[in-house]
Each structure stands twice: as C-alpha cells, then as structure tokens.
Amino acid sequence: MPADSAPSRETILITGGSGLIGTRLCRELQRGFKLVGLDVNPPGDERVELSHITTDLTDDASIRHALQEVGDEFGKSLASVIHLAGHY
C-alpha cells in the first residue's frame, strides 16, 4: 500500500511523556499511534517517537500555547489524553 494511502494513525497526547513511566508507555504506544508529549524536558530516550512540546503545566499561558500548537499540528480530535505529569 503506498504511504499516502496508508490509514492515518490516531493521536494520543501524554503529559509527562518524557518521564520514566511516560517514556516506557511511549515506546509501547508508538507502534499504533502518533504521540505528542507535553513536558518541561524533551525525552532522553532516542527510541521514543514523540512530538515534544515544551510545556510548563503549572503555567496557564504555557498550557494554552501548547494546546493551540497541538490543535494546529494534529487537529482537534485526539484518541486519548494520558496524564502522567507530576511534581515531586
């Protein structure tokens, strides 16, 4: 099947996608989904296929900007949102 006729993968948004649990989850989900991660740091694992958007989830303006970028790049429909971001 030509690449342009291949079915489009749905998008999953993951907060904290660059963390320990997020990185492991991304490695599993990337086989079937496009992944976009909101985190203050990019993923350190080169095996992770994640579109990273630097986002401070404690800052409303940062969140608004990130969600606008998600909508512009991936559309308004997401398959899922997974919240893994934490502060400790």
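Leu13 stands opposite Val36 in S2. In S4, the bridge partner of Leu13 is Val81. The model is predicted, so local features are given only at pLDDT of at least 70 and side-chain atom pairs only at pLDDT 80 or more, while totals for chains, interfaces and linings use all residues. Residues are numbered from 1 along each chain as its sequence is written, and side-chain values use heavy atoms, with hydrogens and water left out.

Strands and helices are DSSP runs numbered from the N terminus, a strand being E with at least two residues and a helix being H or I with at least four. Two strands count as paired if DSSP finds at least two bridges between them. Strand S1 covers residues 11-15 and pairs with S4 in the parallel sense over four bridges. S1 and S2 also run parallel, joined by five bridges. In general, strands of a sheet pair through backbone hydrogen bonds, either parallel or antiparallel.

The sheet is open and has four strands in the order S3-S2-S1-S4, with parallel pairing. Strand S3 (51-54) and strand S4 (80-83) are at the edges with a single partner strand each, so one side of each has no neighbour in the sheet. On average, neighbouring strands are turned by 20 degrees against each other, direction ignored. Angles are taken from lines fitted to C-alpha atoms, for helices over the stretch in contact, and otherwise run from 0 to 180 degrees between N-to-C directions.

How many residues of S1 are buried? Five of its five residues are buried, where buried means under 20% relative accessible area, exposed means over 50% and partly exposed lies in between (1.4 Å probe, protein chains only). Thr11, Leu13 and Thr15 are on one side of S1, Ile12 and Ile14 are on the other, and both faces are covered. In S2, five of the six residues are buried, so S2 is largely enclosed by the rest of the structure.

H1 touches S1, S2 and S4, and its direction makes about 170 degrees with that of S1; contact means heavy atoms within 4.5 Å. Helix H2 (residues 60-74) lies across S1, S2 and S3 and runs at about 155 degrees to S3.

Gly22 is found in helix H1 and is buried, with a relative accessible area of 1%. Leaving aside neighbours within four places in sequence, Gly22 is in contact with Gly16, Gly17 and Leu84. From C-alpha to C-alpha, Gly22 and Ile82 are 9.1 Å apart in space, although 60 residues separate them in sequence.

Thr23 is also placed in helix H1, and Thr23 is buried at a relative accessible area of 10%. Not counting residues up to four places away in sequence, Thr23 touches Gly17, Ser18, Asp45 and Val48. Thr23 and Gly37 are 14 residues apart in sequence and 9.8 Å apart in space, C-alpha to C-alpha.

Ser18 lies in the loop between S1 and H1. Ser18 is buried, with a relative accessible area of 16%. With residues up to four places away in sequence not counted, the contacts of Ser18 are Thr23, Asp39, Asn41, Pro42, Pro43, Leu50 and His52.

The largest pocket holds about 450 Å³ of space. A pocket is an open set of points on a 1 Å grid over the protein atoms alone, where a 1.4 Å probe fits and protein lies on both sides within 12 Å along at least five of seven lines; lining residues have an atom within 4 Å of a point. Its volume is the space filled by probe spheres set on the points, which are joined across faces, edges and corners. Of the 19 residues that line the largest pocket, Gly16, Asp39, Ala85, Gly86 and His87 are the closest to its centre. Helix H1 (20-29) and strand S2 (34-39) are the elements that give two or more residues to this lining, and H1 gives the most, with three residues.
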